[in-house]
Amino acid sequence: MTIEVRGAGRHLQVGTATDIGRRYPANFDVLHTAELQRRPGLCAVVADGMGAGEGSRTAGRTAVDVFTTAVQEHRGPFAPPPLFAAVADAQRQVRAAGRTLRELTGCTLTALVADATGAWVTQIGDSRVYRLRGGLLELLTIDHTEAWLGAVHGWYPADSPQAEAARYQLHRFIGHPGLPEPDVLSVTMFPGDVYCLCTDGIAEQVPYQHMERTLGSNASPDVMASALVAASLEAGGRDNATAVVVKVY
């Protein structure tokens with residue numbers, strides 16, 4: 001289903017898709033898209049639980065609920081401080097849940113928040129935000145993983161067994177004992193832009209060229225999101241896969 005909102009002075013169309021994949025017993029990704037309640041705008045969030053237990057499920061749901069509540073209740077224009085504060089609150093509540101569950105309780109969180117004054121990306125973990133502009137697909141976020149550091153610094157080939165193992169070594173996530181901060185990025189939305197928020201079930205299975213073609217296809221956002229999820233299944237479905245696609249007019 002596609003929703004339509006105003007944000008950053010533009011008309012936005014938003015489509016979503018998610019799938020359990022073929023590996024896990026349940027879908028531990030969490031997806032949220034909604035219009036801002038107090039003023040025109042958008043809050044889109046994806047989270048990816050770590051592991052396949054109750055800690056994974058609880059972390060993702062808690063983080064998304066806490067973050068989106070903070071966004072919806074914020075009264076002023078958005079800027080880094082309220083987004084940092086929303087993630088800090090999610091950190092505290094997920095850590096508290098982990099102490100009760102006594103198991104790994106953590107998740108990634110990636111969000112796109114837009115109101116009349118602009119748009120902001122908030123990201124911690126290895127879920128991603130891509131932007132297609134003028135035919136060029138760019139990755140706006142970085143993965144907070146050992147694999148990312150290894151690829152950037154040439155410790156091992158990006159397609160090596162070492163890199164594959166390092167994908168699961170996250171340096172920053174919601175529920176981390178060090179309560180790390182997210183990356184927060186201001187983005188200017190231009191007509192024709194297409195943004196994609198996705199979990200690593202998409203990012204690690206759908207090739208860059210395939211994603212570029214899909215986001216440039218001029219299809220509706222829900223069709224593009226569904227196509228990305230379908231491509232992850234065709235590639236093996238080794239993880240839960242979730243995508244949010246935002247077209248800017």
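Mentor: Let's start with β1 and strand β2 (residues 10-19), which pair in the antiparallel sense over 6 bridges. Two strands count as paired if DSSP finds at least two bridges between them. Within this pairing, V5 stands opposite L12 in β2. The strands themselves are DSSP runs of E with at least two residues, while helices are runs of H or I with at least four, and both are numbered from the N terminus.

Please keep in mind that this is a predicted model, in which local features need pLDDT of at least 70 and side-chain atom pairs count only at pLDDT 80 or more, whereas totals for chains, interfaces and linings use all residues. Residues are numbered from 1 along each chain as its sequence is written, and side-chain values use heavy atoms, leaving out hydrogens and water.

Now widen the view. In general, strands of a sheet pair through backbone hydrogen bonds, either parallel or antiparallel. Here, 6 strands make an open, antiparallel sheet, in the order β1-β2-β11-β10-β7-β8. At its edges sit β1 (2-7) and β8 (136-139), each pairing on one side only. From one strand to the next, the twist averages 20°.

What lies across this sheet? Helix α7 (residues 221-234) lies across β1, β2, β10 (194-198) and β11 (241-248), and runs at about 30° to β2. For such angles, axes are lines fitted to C-alpha atoms (for helices, over the stretch in contact), and the angle between N-to-C directions runs from 0 to 180 degrees.

Next comes helix α6 (residues 208-215), whose buried residues are M211, T214 and L215. Viewed down the axis of α6, these buried residues fall within an arc of 90°, so they line one face of the helix. The arc is taken from the directions that run from the helix axis to the C-beta atoms. Buried means under 20% relative accessible area, exposed over 50%, and partly exposed in between, using a 1.4 Å probe and protein chains only. The buried residues of α6 pack against β7 (128-133), β8, β10, α5 (200-203), α7 and β11, where contact means heavy atoms within 4.5 Å.

Finally, the record: an unreviewed UniProt entry lists residues 13-248 as "domain: PPM-type phosphatase". UniProt positions follow the numbering used here, with shortened feature names, and annotations may be inferred rather than shown by experiment. The span of residues 13-248 is 35% helix and 27% strand, and its end C-alpha atoms lie 7 Å apart.
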